[in-house]
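These are my notebook entries on one structure. I record below what I looked up, entry by entry.

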Amino acid sequence: MIEKMKFMSIIGPKEDIDRVTIRYLSKYEIHLENALTEFDTEKALTPYVEKNPYRDMLVTIEKITGFLPAGSFVEKKPAAVDESISPDDVKRLISEMSGPLKKLQEEKNGYEERRRQYQSLRETAEPFRDLPASFEKLREFCFIRPRFGRIPTDYFKKFQTYLYADSSTIFWPCSKDDQYVWGVYFTPDENSEENDDVYKSFHFERIRIPEELKETPEEEFNDNGWKTEEMDVRIDRVDKEISSILCGHEEALLRAKNALEMYSRCFEIRKYAACTEAGGKDFYILCGWMPEQDADSFQSEVSDDIHVFCTIGDTDADPDTVPPTKLKNPKPFRPFEMFVRMYGLPKYNEFDPTIYVALTYSFIFGIMFGDVGQGLCFVIGGFLIYHYKHKDLAAIMGSAGIFSVIWGLVYNSFFGFEGFFPYHALIRPKDDMITLPGLGTMNTVFVLSVAFGMIMILLNMVMGIVNAVRQKNRENIWFSQNALAGIVFYGTIVLMMFLTMSGTMTASNMVPFILIPLIASLAVIFLKEMLGRIVSRKKPAIEGGKGMYFVQAFFETFETLLTYLSNTLSYVRVGAYAVSHVAMMQVVMMLTGFEHGFGSIPGLIAGELFVMAMEGLMVAIQVLRLEYYEMFSRFYQGGGREFVPFRIKETSGS
């Protein structure tokens, strides 16, 4: 369902905007519009331009609260924002805290930078710890150049096998792992470029040794490790000093932070406001959309406030007004709003298909994947995930699983064991057949799927007419392929097929009765654009040339007939998946030995999980395809804009 909206205009003294925002607007949901755009015919309006004075303070207090350790009181959000704290109170608190904290933070930053340097030097020296020479002595060589680095293990073996004996270098391996060999090779100065190229061709990666490393790699590794630990001790000491300063102020900081967030958020409302002057005074103008109930409550609350003037506009009076869309559905159906949003939010005056999608999606999923045991797995798994993780898709899976259980009872199927329960299945998807006049023997599930598709197409046409009535689109009410003309045409064909297949009447007997409605409705569909313009009193009745109009109308009508046929046959997939589920489970039973008795339980479990995962995903996608392409296309447009309320930043307890 779509909540009914009202357009609000709020006017008051310019200096009073913060009080109104905090006292009134923060309590209600309002989708703000830019007042300058909404009242563009008013020439005396100017933008409300001011710099947010709370932004810098908010950044500072966020840094201060960031000093508090995880699990401290600051992480416990209050149930509501404390409005008793003024910006001056927050400024005084920041001033008291920021001085000593800034000095300690600078000291801590210095220790952390030195720690990073020591840690980097330690990591550089670590792979070469087996080298007995000091870095400083190696740098003093006059005719030999050391090259530190690493080479992939595979390339090192190739280098040793094919080139090392003929090269003018000495390689000293220091350490290795599964991927690399770390070491240093020594090359004569006069051949260094040539040898560097050879090693580079074997993917040798040079590691530059910083000048700070002077002793042996082992000594440097240990020395920088001790220095790193010393920096950790100093950082810990500074953290304790910071904690001692903040001790006892956690609650005050939390309240101040939330108050600043409120003031900053309220100040941002100015970007939607416009300013005007009257009687020598400056006034602000705010406007936006409120749900009907909130709008009435808001107007009632501000009625006694002499500084606030509020008016409510009539959305039906202006056809060009497009309110935002806010969906409001019963809790069990809300997860299915995800599918509606994926396709596109409904327009404000359009039918919200959420409940329809929830029922049809779950129902068709159950037909295509009917199994009591596997359906229960979907139900339990889906709702458990939704309970703990709040994933809409999990709730959809659980809802679809309910119908899988129901249809599993119809099919008498439990984890692929057909006839598990002590009664005869109402329908056996793979085995039940039916004989139809003129068509012969066919699978019952396929026939029922087509019949179900015909009913769904007619139902979608009815919903399309409902949408057209809401949008006052006469062409889509009476003349189009999804309007009344389409219902008459397609409904006549459906009625003829049902009567023929049931043996009630023969096709020859029905011709006189069906010929007139078929021809008349098809002619209306052919002339739908012209008739729509006539009833809407638009001139001329035919746009462009008449010849081109009738050629275009002919091909559109022919395409409509093909669409009726393809849409109907698309529902065959419903029965096809019901049959394929039985067939796949029979394969699992055969492979695990359960076809004629007791078999491998681990194999059965693996097969069940495979079928649930693979076929469950395929069925979920195919049902969504039916929803979007075979159903939505007949009655739904989407294209609505979402209702985005302005609100004070909510806390976890609210």
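Is F421 buried, partly exposed or exposed? I work here from a predicted model. I find F421 to be partly exposed, with a relative accessible area of 21%. That value lies just outside the buried class, because buried means under 20%.

**Entry: aromatic pairs.** I count 47 aromatic pairs in the structure. In one of them, the rings of F420 and F421 have centres 5.2 Å apart and planes at 85 degrees, so I list the pair as edge-to-face. F420 is partly exposed, at 45% relative accessible area. I also note a cluster, linked by ring pairs, of F156, F159, Y164, F171, Y185, Y199, F202 and F204.

**Entry: charges over rings.** I looked up two such contacts. R150 lies over the face of Y180, 3.9 Å from the ring centre. K14 lies over the face of Y48, at 5.0 Å from the ring centre.

**Entry: positive phi.** Most residues other than glycine have a negative phi. I find that H203, not a glycine, has a positive phi of about 65 degrees. H203 sits in the loop between α7 (192-201) and β7 (205-206), and is partly exposed at 42% relative accessibility. K472, also not a glycine, has a positive phi of about 55 degrees. I place K472 in the loop between α15 (444-471) and α16 (474-479), where K472 is exposed, with a relative accessible area of 73%.

**Entry: helix α9.** Helix α9 (residues 250-267) has 18 residues and spans 26 Å from its first C-alpha to its last, close to the 26 Å expected. I record α9 as mostly covered, with 13 of its 18 residues buried.

Notes: Residues are numbered from 1 along each chain as its sequence is written. This is a predicted model: local features need pLDDT of at least 70, side-chain atom pairs count only at pLDDT 80 or more; totals for chains, interfaces and linings use all residues. Side-chain values use heavy atoms; hydrogens and water are left out. Helices (H or I, at least four residues) and strands (E, at least two) are DSSP runs, numbered from the N terminus. Buried means under 20% relative accessible area, exposed over 50%, partly exposed in between (1.4 Å probe, protein chains only). The expected span of a helix is 1.5 Å times one less than its number of residues. Rings of Phe, Tyr and Trp (its six-membered ring) pair if their centres lie within 6.5 Å; planes under 30 degrees apart count as stacked, over 60 as edge-to-face and the rest as tilted. A charge sits over a ring if NZ of Lys or CZ of Arg is within 6 Å of the ring centre and within 35 degrees of the ring normal.
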